[in-house]
Amino acid sequence: MDVQSMQPALVGEIVELTPLQQEHSSGLLGAAADGELWNLKATVVPGPGTIDGYIASALAGRQAGSVMPYAIVTRSTGLICGSTRFWKIDRTNRKLEIGHTWLSSSAQRSGVNTEAKYLLLTHAFEVMGCVRVQFTTD
């Protein structure tokens, strides 16, 4: 089964949530460099020394069926501006959490996060059939 059938891209007017892949490494690092987000103490944003583990962990979670990680791509530029994911996916009880979200400094307060969350919530309730969605924030 390919990634796209397990985890489709979610496309809005401003952003596309693209299933995270190893090849997104440099794009994620570029987004995180906009504000040196890896220095934040309140959340986990990958840096040059942690990007490989960050992606490996996300992909292992997808393989296990408990995580659906996304790269957030700005449609007007085609550039990655952050990341988000469904996690703690519990299909039996039809619930999940949305978290691990971070955005480059220039994408913050721009409408990107609002639309990304709208796309995630719509997919969770209308496609995945969830009855409970929680947000995890730091």
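Let me begin at a turn: in the hairpin of β4 and β5, four residues sit between the strands, and Arg94 there takes a positive phi near 55°. Before I go on, please keep in mind that this is a predicted model.

Now let's step back to the whole sheet. It is an open sheet of six strands, and the order is β1-β2-β3-β4-β5-β6, with mixed pairing. Which strands stand at the edges? They are β1, residues 10–11, and β6, residues 132–135; each has a single partner strand, so one side of each is left without a neighbour in the sheet.

At one of them, β1 and β2 pair in the antiparallel sense over two bridges, and Leu10 stands opposite Leu17 in β2. At the other, β5 and β6 run parallel and are joined by four bridges. There, Leu96 has Val133 in β6 as its bridge partner.

While we are at β2, have a look at Thr18, which is found in that strand. The side chain of Thr18 makes a polar contact of 3.4 Å with the side chain of Glu16. Leaving aside residues up to four places away in sequence, Thr18 touches His24, Pro69, Tyr70, Ala71 and Val73.

Next, the packing. The largest nonpolar core has 20 residues, and the members that touch the most others are Leu17, Tyr70, Ile72, Phe86, Leu96, Val112 and Leu120. The largest share, five residues, comes from α4. Apart from this core lies another one of 14 residues, and among them are Ala32, Val45, Ala58 and Ile80.

Not counting residues up to four places away in sequence, its contacts include Leu17, Ile80, Gly82, Trp102, Leu103 and Val112.

Let me finish with charges. Side chains of opposite charge can pair when their charged atoms come close. How many salt bridges does the structure hold? One. In that salt bridge the side chains of Glu97 and Lys88 meet, at 3.7 Å from N to O. Glu97 counts as buried because its relative accessibility is 12%, while Lys88, with a relative accessible area of 47%, is partly exposed.

Then there is Arg85, in strand β4, residues 79–90. Arg85 is buried yet has no salt bridge. How far away is the nearest side chain of opposite charge? That side chain is Glu97, and it is 11 Å away. What Arg85 does have is a polar contact of 3.4 Å, side chain to side chain, with Tyr54.

And who are the neighbours of Arg85? Not counting residues up to four places away in sequence, Arg85 touches Tyr54, Ala58, Val67, Met68, Pro69, Tyr70, Glu97, Ile98, Gly99 and His100. Glu97 is on that list of contacts, but the salt bridge of Glu97 is with Lys88.

Key
Residues are numbered from 1 along each chain as its sequence is written. This is a predicted model: local features need pLDDT of at least 70, side-chain atom pairs count only at pLDDT 80 or more; totals for chains, interfaces and linings use all residues. Side-chain values use heavy atoms; hydrogens and water are left out. Buried means under 20% relative accessible area, exposed over 50%, partly exposed in between (1.4 Å probe, protein chains only). Lys and Arg count as positive and Asp and Glu as negative; His and the chain ends are not counted. A salt bridge is a side-chain nitrogen of Lys or Arg within 4 Å of a carboxyl oxygen of Asp or Glu. A polar contact is a pair of N or O atoms within 3.5 Å; within protein, one must be able to donate a hydrogen and the other to accept it, and residues adjacent in sequence count only if both atoms are side-chain atoms. Contact means heavy atoms within 4.5 Å. A nonpolar core is a set of buried Ala, Val, Leu, Ile, Met, Phe, Trp, Tyr and Cys residues joined through side-chain atoms within 4.5 Å. Two strands pair if DSSP finds at least two bridges between them.
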